[in-house]
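Hi there,

Here is the structure I promised to pass on. Have a look at it first, and my notes follow below.

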Amino acid sequence: MAAKLAFFPPTPPSYVLEENAATGKLAMSGVPQRENVDVVKLKTKRGNEVVAVYIRNPSAKLTVLYSHGNAADLAQLYELFSQLSIHLRVNVMGYDYSGYGQSSGKPSEQNTYADIEAAFKCLVEKYGVHEEDVILYGQSVGSGPSLDLATQQPRLRAVVLHSPILSGLRVMYPVKHTYWFDIYKNIDKIPLVNCPVLVIHGTADKTVDCSHGRGLYELSKQKYEPLWILGGNHCDLELYPQYIRHLKRFISAMEKSTPSGSRSVFTIELSDEPRRSADYLGLARKSTDQMELPRPSTECREFPRPSTDRREKPRPITDSREKPRPSTDCREKPRRSTDQREKARNSTDKSERSRKSTDRSEKPRSSTDQPEKPRNSIDRLDGSQCNHRFTFFSLFFHSL
């Protein structure tokens, strides 16, 4: 019953597998064939055979293992994977769950756990990727298998949760307790994850409320600066420019971090990283771009942000200008007439009013809270292909 409510594989699949007679290599129909792309079949411990695609980037230091949502397959995500590999300078492996695309078997919670284990094993054994160089990326339902694997692999570099769910049942009903029949109990697993966690969620998500992402962020041990996309829905976050920019900054921070579980070293790098605007986009940015960095934190004000605290620290400077006031009173005492003292007080009151008006003018303008309008693409990502990919995501859980 849970599988019927949770999984909606595209029917028919959006691709078929083709084998090159000369080389014996597999390829997916309907997508560009590239030399740096491998299509493989992986055997799972539950007896299913799942299809995976591996995209190499020669300058990559890290590898992203991507678990997609519940209403898409590999061919629909192929261009997204390619663009992420190019812009983030990472290797990317994506896989189809059992019963999706050309993977055998039927979709279920336990099968997805076996599927991601097979994909991870392939990265380590076939491609020689070290565990500490792997970033797990889970989108929507994909947050389930990603967090499950993260609890078993203590040396992972990081986890990215894109529009994640607290649990399957909590998407439909705001229950306070976890029941045995619930699926993808991420709320119980996130405290067991020892690596850094980045949460990305849209504030206008009509499928999985933003409170799911906020809850997982609060429960994570090592919090990386989250990205709350103002006005973002469930299936369009990749179209917002701050999505790819934030991921670039995140990947840069992970490349510089110590992956051996040294939490203190990693925390230092997190606190310093938001200040480096050049690392944020990989380019020398103007000061106007620096104003965009705090925007995600202002969209969800429930979470105090370190960057906000830094902006509040300079406020005591205003108070320091008020300290000389007692000296003004001292100068008033030697004055001979009461009228002169009254005039001095009036002038002091006027100066205080001017200070208050100045303080009011120094309040942050609300215009910076305005979100950036979504672009039609992720830099060079074809818009029509994105729209084709997002059409299927609207089926998620029917209310998920």
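Gln139 stands opposite His162 in strand 8. Please keep in mind that this is a predicted model.

That residue pair belongs to a parallel arrangement: strand 7 and strand 8 (residues 158–162) are joined by five bridges. Strand 7 also pairs with strand 5 (residues 63–67), again in parallel and through five bridges. In that pairing, Val64 has Ile135 of strand 7 as its bridge partner.

How exposed or buried is strand 7 (residues 134–139)? It is mostly covered, with six of its six residues buried. In a regular strand, side chains alternate between the two faces of the sheet. Here both faces are covered: Val134, Leu136 and Gly138 are buried on one side, and Ile135, Tyr137 and Gln139 are buried on the other.

The other thing I looked at is how two helices meet. The axes of helix 3 (residues 109–125) and helix 4 (residues 143–152) come within 9 Å and cross at roughly 60 degrees. Helix 3 is therefore oblique to helix 4, and the crossing is right-handed.

Which residues make the contact between helix 3 and helix 4? Helix 3 brings Thr112, Tyr113, Ile116, Glu117 and Phe120, while helix 4 brings Gly144, Pro145, Ser146, Asp148, Leu149 and Gln152. Sorted by class, the contact of helix 3 with helix 4 holds five nonpolar, four polar and two charged residues.

Best wishes

How values were computed
Residues are numbered from 1 along each chain as its sequence is written. This is a predicted model: local features need pLDDT of at least 70, side-chain atom pairs count only at pLDDT 80 or more; totals for chains, interfaces and linings use all residues. Side-chain values use heavy atoms; hydrogens and water are left out. Axes are lines fitted to C-alpha atoms, for helices over the stretch in contact, and angles run from 0 to 180 degrees between N-to-C directions. Helices (H or I, at least four residues) and strands (E, at least two) are DSSP runs, numbered from the N terminus. Angles under 35 degrees count as roughly parallel, over 145 as roughly antiparallel, 65 to 115 as roughly perpendicular and the rest as oblique. A crossing is left-handed if the near helix is turned anticlockwise from the far one by less than a right angle, and right-handed if clockwise. Contact means heavy atoms within 4.5 Å. Ala, Val, Leu, Ile, Met, Phe, Trp, Tyr, Cys and Pro count as nonpolar, Asp, Glu, Lys and Arg as charged, and the others, Gly among them, as polar. Buried means under 20% relative accessible area, exposed over 50%, partly exposed in between (1.4 Å probe, protein chains only). Two strands pair if DSSP finds at least two bridges between them.
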